[in-house]
Amino acid sequence: MDEFADIRPYRDSEVREVLDRLLVDDELLNAVAALRMPKASRWFPKLLRPLISAILRRQFKRVVSVADFQQRVKSYMDSMIARSTSAFTVSGLENLSADKAYLFISNHRDIALDPAFVNYALHTNGMDTVRIAIGDNLLSKAFAADLMRINKSFIVQRSAKGPRQMLAAFKKLSSYIRHSLHQERSSIWIAQREGRAKDGNDATDVALLKMIGMSQRKADESYAEFIAAMNIVPVSISYEWDPLDAAKAHELAQIEMDGRYEKAEHEDLKSIATGIVGQKGHVHVHFGTPMSGDYSDASELAQAIDAQIIGNYRLHGSNLLAYMRLFNDERWRSVSTADVPAAEVAHFDEHFANMPPDYRRKALEIYARPLINQLALQESTSA
C-alpha cells in the first residue's frame, strides 16, 4: 500500500498523465496568459487559451519524468533570474555532501521562490533538488496542486478538522519526512514557520520541530541522536527587494489598526505571480552547517536554528538604509562594514517615496528587521 499517496509528490510513472491534464486546464491556461500577456488576457482570454495550450504542449512534449519537468522549470528560472534579479549568489555549499539527504529548514519570505531558489542553487552546483513542503491552504485551485506535486512538492494538511484529525495528519507528515530522508534518500525543504515572515522577523516555530520529532523512536534513540540523523541544515534566503513589500506593509498596518486582515479569494496565488515577475535585486542563499548539538528539546533546537538563519542572513543596502532611516545610529557597523553607494541610496529613497505614507514605516521595519535581529544575536552571544 502507498500510505503517503495523498500527500507525496508525483512519481515518474504519473508525470505524463498529470501533464496532459494540466495542459488543457482552462484555469491554468488563463493564469499563464495573465502572467505572460496581461493586457491581451484581459480582453481575449478564450482566444488565448488554445494558443497557450499549443505552446505549452510543444514545450513539454518530451517530458516523461520529474527530472524532465524540472529541467523545463530550470529554463523558466533562468529567464526569471535574468529579468528580475540583479544578482543571484550562493554560499555554504561546502557544508553539504552530494551523497546525503538533508532536511533544509529555511526562513520564509516568498511563497514559491524560496524553495525554487534553494533548488536552483543545488541543481546548478550538481546536487539533487529537494522535496518541498507546501500547505494545502495554497492549493485552492486543482491545477495548483497538480503543478506543485509534479515539481516534487508534498502537501501539509493544515485544513484537517478537529484535534484527532490534526494529530493524525501531523504524524503522517512527520513519518513521510523521515521516510523521504532515510528510505528514499531525498532531501526536504520546509519553512521554519507556517506562513511567510511578513514583518521580516525570522523565527523558527517550536511546534514545527515538535511535529518533525513525532517520528523519533524514543525507545532506542535520544532526541539529540534523532536530530543528528535527520541532517537538519538551516538555510538563510535574503532578497534585496521584496516585490510584495507594500502589500505586506499594508496588511501589517491594517492588522495593527483593525486587529485583523481578510485575504481576498486566491490572494496567495496572486502573490506567487507578483513575486515571480517583480524586481528582487540581489538574491542570496546561504546553507548553514548540519545541526549536531546535544539538544534536549525542540525549544533548544529552535534557538540554535534561529542563530544560524539570522547570523548567516546576507544583509543588503536596503536593510542598512531602512535601519538608518528608522534609528539614525551607527550600531549597524558592528555587523556590516559596507557603505551603500549613492545610486542605491537614491533608488531606496525613491522606492519609499512612492509608497503610501500610512504604511511606509511598516515597510521600513520589514527591511530593517534582519539587521535588528543580527544586532540582538551579537549582543546575546557576547553577553
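The legends below describe close-up views of aromatic and charged side-chain contacts in a predicted model.

**View 1. Phe154 and Tyr176 form a tilted aromatic pair.** The whole structure contains 16 aromatic pairs. In the one shown here, the ring centres of Phe154 and Tyr176 are 5.1 Å apart and the ring planes meet at 55°, so the pair is classed as tilted. Because Phe154 belongs to strand E4 (residues 153–156) and Tyr176 to helix H8 (residues 162–182), the contact ties together parts that are 22 residues apart in sequence. Phe154 counts as buried, with a relative accessibility of 0%, and Tyr176, at 2%, likewise counts as buried.

**View 2. Four aromatic residues form one cluster.** The members of this aromatic cluster are Phe88, Phe117, Tyr120 and Tyr239.

**View 3. The charged end of an arginine sits over the ring of Tyr10, and another such end sits over the ring of Phe60.** Over Tyr10 the charge is that of Arg149, whose charged end is 4.6 Å from the ring centre. Over Phe60 the charge is that of Arg72, and here the distance from the charged end to the ring centre is 6.0 Å.

**View 4. Arg131 and Glu184 are joined by a salt bridge.** The structure holds 27 salt bridges, and in this one the closest N and O atoms of Arg131 and Glu184 are 2.5 Å apart. With a relative accessibility of 15%, Arg131 counts as buried, while Glu184, with a value of 37%, counts as partly exposed.

**View 5. Asp242 forms a salt bridge with Lys248.** The closest N and O atoms of Asp242 and Lys248 are 2.6 Å apart. Because buried means a relative accessible area under 20%, Asp242 falls in that class at 15%, and Lys248 falls in that class at 3%.

**View 6. Asp329 and Arg331 form a salt bridge.** In this view the closest N and O atoms of Asp329 and Arg331 are 3.4 Å apart. Arg331 has a relative accessibility of 45% and therefore counts as partly exposed.

**View 7. Salt bridges link four charged residues in a network.** Asp2, Arg8, Arg11 and Glu14 are the residues that this network of salt bridges connects.

Definitions and conventions. Residues are numbered from 1 along each chain as its sequence is written. This is a predicted model: local features need pLDDT of at least 70, side-chain atom pairs count only at pLDDT 80 or more; totals for chains, interfaces and linings use all residues. Side-chain values use heavy atoms; hydrogens and water are left out. Rings of Phe, Tyr and Trp (its six-membered ring) pair if their centres lie within 6.5 Å; planes under 30 degrees apart count as stacked, over 60 as edge-to-face and the rest as tilted. Helices (H or I, at least four residues) and strands (E, at least two) are DSSP runs, numbered from the N terminus. Buried means under 20% relative accessible area, exposed over 50%, partly exposed in between (1.4 Å probe, protein chains only). A charge sits over a ring if NZ of Lys or CZ of Arg is within 6 Å of the ring centre and within 35 degrees of the ring normal. A salt bridge is a side-chain nitrogen of Lys or Arg within 4 Å of a carboxyl oxygen of Asp or Glu.
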